[in-house]
Amino acid sequence: MEMNLQFPGINLISLKEAPIHISSQIQPHGVLLVLEEPELKILQVSTNTLKIFGITPENMLHKKLEDLLDPFQIERIKTGLSGENLDFINPTKVWVRKKGDEYVVFDAVFHRNTEGFLILELEPALTQENIPFLSFYHLARASINQLEKTANLRDFCQVIVQEVRKITEFDRVMLYKFDDDGHGSVIAEEKLESLEPYLGLHYPESDIPKPARKLFAANSIRIIPDAYSQPVKLFPANNPISDRPINLTNSILRSAASCHMEYLHNMGVGASLTISLIKDQKLWGLIACHHQSPKYVSYELRKACEFLGRVIFAEISAREETQDYYHRINLTHLQSILIEYMSQEENFIDGLVKNPQHLLDFGNAQGAAVCFGGNCTVVGETPREEDLNFLVQWLKNNVEEEVFCTDSLPHIYPDAESFKNVASGLLAIPIAKRNYVLWFRPEVIQTVNWGGDPNKAFEVSQSEGNVRLCPRKSFELWKETVRLTSLPWKDVEVKAALELRKAIVNIVLRQADELAQLAQDLERSNAELKKFAYVASHDLQEPLNQVVNYVQLLEMRYSEELDEDAQEFISYAVQGVSLMQTLIDDVLAYSKVDMQAIAFQMNDVETALNRGLGNLRQRINETGATITHDPLPTVMADSTQLMQLFQNLIGNAIKFHSDEPPQIHVGAERIEDAWLFSVRDNGIGIDPKFSDRIFVIFQRLHTRDEYTGTGMGLAICKKIVECHRGRIWVESELGEGATFYFTIPVGGRELERRNGRNTTQNHLFGRGQ
């Protein structure tokens, strides 16, 4: 419920949106009858019949219309009512006998309301004849000729008010246009010179609240001939069939709300005529006619004004659409260029920003950003990356539309005030969850001229338990400086952004399909290579074993017959075969790492470390190495691969030791959603320029004479870590030892370790053990 601090405890929404179309009162210049078809029985009647007809309301109830009109008129009316469109009989001239041979002529207008009742409204006819068609035609033709002489949109609006004032002779005629926020402004005016000008002034939404705008949209013409007249009640007040007040949405005579009547009084208006201007089935604006004294305009003349307004407004709409058309053509051209760029690039973002000016021109913006996959690519003037990340998060949580735009972002997202100079306006299209293309417009400080203070647009009156809204009494010029807003986004720009979004989504989906197909091909190729490596390595074992056996047999049987060179050659052959077997074993180990899917389980890291150290016990004893570790967690991993990972890293630290006995420490630290492990040593270190090369298969930094090995150990480590969705790297300097880091994501619910091991370091193997 919306509450106003000035009026605590009062529901202003219910007051501002009270139903004004349900009424039991009409204006006194005419007579209203509610009829039941088909007999045209009178169910309700206005209480002014005695004054106008000389018949009391009570005497008119339950009679038929034929008791009031002669048979000729009744037959003509029934024929007209049988048609689907009542406009063909509106207005109908009718003669009502008053006294003796005295007749009163009325313009009779029929309509059926939403409840199915036939409503007849009778207004005094100024003439007994209808306006001739040729007179009506010449009236419209003269106005249209004026239009052909003008090209400016504002001039078109001015032609409307000039022509309507010429026909109606009202003191003031204005063209009032609604803004998107419900406020409105006077964009054209024709008036007496003595009257205060309203041209260019803005008026708050409460001047014409939602219920009134709905009625204007439903009923295209509305007259109040005397703003100071007292309304006339219907008798009975409630419809006898529905037992509630009658719906008078489309009524000509319906009495205006008291708040509106006070509004007219405060403006010094004695009579008003309002013509609705509809565009795309929405209320675009109003032709508002004001007179300082009471003034009646016949139904036919009002309809002539309505027709004239529609004809001229149709031309205005066409001019607006023509202006939008050229803008739309330019945007379509830019869109085709952007789509072509995106289609040519592997990544659609590269295409969007290939020519930054094209992206900016498309949104008529000074800055743009493509936020995809957690990264933002920016062009022009934009908020900082940190601000963009928070803005994208806000959009994700608060916006569900396919396109979002605002010219006052700080009013709905307060954090935007800090970057108002670049992004007071925002146009955003979502590509996927947390992925957006954004355009930004800077703050434009402007002065708005209001017809009275919009902050005091109405008052609340409370008397005898009744609460009602009262309009303001002052319409003096009130200037407001508007900040934290940008130039507004045009509908054509918003629609173009929506079309671009569809194109980007299609391109992203197509590229995703291509990547998926490529990934599938790579996966198939990798699987075949892994299978080949495994089979080849496995099948090579047998001939190698034969070579070893026969060389050893040759040495045993013919050792006495072989000279020293032959013995040396046999030694070389045995060493080569041994190296080949080690290579094959390492290739097999490498190919087995991710050859088949492994169901990871929660494993204790310390257990895996101890198993690896057990396999290295002999080398630890030979070098006098000391290995320590931090308290180690439980992780989601494969226990065998985890053991091999630590064994290879610690084995390397032992192998590449310095003159000092190896000092090796295994660390563990929780970082966000992963565990960071480290293996630090005091060995010979690694030149930083080789920090990536050492993880490549078969890559070695030393000769086999210096250090034994195949160059496969770290490649296996890298593959194990990547299979666990982590990464591995090294930080080192020559002569200063090395620290290998690797991460393992936290998977599932991490098991708590409650074994009481809270010491910073635990010595597993001391020197000489």
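Here is a short tour of the model, stop by stop, with something to select at each one.

**Before you start**

This is a predicted model, in which local features need pLDDT of at least 70 and side-chain atom pairs count only at pLDDT 80 or more, while totals for chains, interfaces and linings use all residues. Residues are numbered from 1 along each chain as its sequence is written, and side-chain values use heavy atoms, with hydrogens and water left out.

**The whole chain**

Start with a cartoon view of everything. The chain holds 20 helices and 33 strands; these are DSSP runs numbered from the N terminus, H or I of at least four residues for helices and E of at least two for strands. Of its 769 residues, 45% are buried (under 20% relative accessible area, with exposed meaning over 50% and partly exposed in between; 1.4 Å probe, protein chains only). Among contacts with a separation of 6 or more, 66% link residues 24 or more positions apart (contact means heavy atoms within 4.5 Å).

Next, select Asp179, Asp180, Asp181, Asp280 and Asp491, which form a patch of negative charge on the surface. Patch members have over 30% relative accessible area and no salt bridge; like charges are joined within 9 Å, and nonpolar side chains (Val, Leu, Ile, Met, Phe, Trp, Tyr) within 5 Å. A salt bridge here is a side-chain nitrogen of Lys or Arg within 4 Å of a carboxyl oxygen of Asp or Glu. Asp and Glu count as negative and Lys and Arg as positive, with His and the chain ends not counted; each charge is placed at NZ of Lys, CZ of Arg, CG of Asp or CD of Glu. Zoom in on Asp491, part of helix α15 (residues 491-557); Asp491 is exposed, at 58% relative accessibility.

For a nonpolar counterpart, pick Tyr325, Tyr326 and Ile329, which make a surface patch of about 340 Å². Tyr325 belongs to helix α9 (residues 299-344) and is partly exposed, with a relative accessible area of 40%.

**Backbone stops**

Show the backbone atoms around Glu37 and Pro38: the peptide bond between them is cis, with omega near 5°. Pro38 sits in the loop between β5 (31-36) and β6 (41-46). Another cis bond connects Asn90 to Pro91, with omega about -5°, and Pro91 is in the loop between α4 (71-81) and β7 (92-97).

Then move to Glu169, in the loop between α6 (153-168) and β10 (172-178). Glu169 is not a glycine, yet its phi is positive, about 65°; this residue is exposed, with 57% relative accessible area.

**Two residues and their surroundings**

Select Thr382, in the loop between β19 (375-380) and α12 (385-398). Thr382 is buried at 18% relative accessibility and, leaving out residues up to four places away in sequence, touches Gly367, Ala368, Val422 and Phe440.

Finish at Lys191, in strand β11 (residues 184-191), where 21% relative accessibility makes it partly exposed. Beyond neighbours within four places in sequence, Lys191 contacts Arg165, Asp171, Arg172, Glu196 and Pro197. Draw a C-alpha to C-alpha distance from Lys191 to Asp171: the two are 20 residues apart in sequence and 5.6 Å apart in space.

How values were computed: Accessible areas come from the Shrake-Rupley method with a 1.4 Å probe; for residues, only the protein chains shown count as cover.
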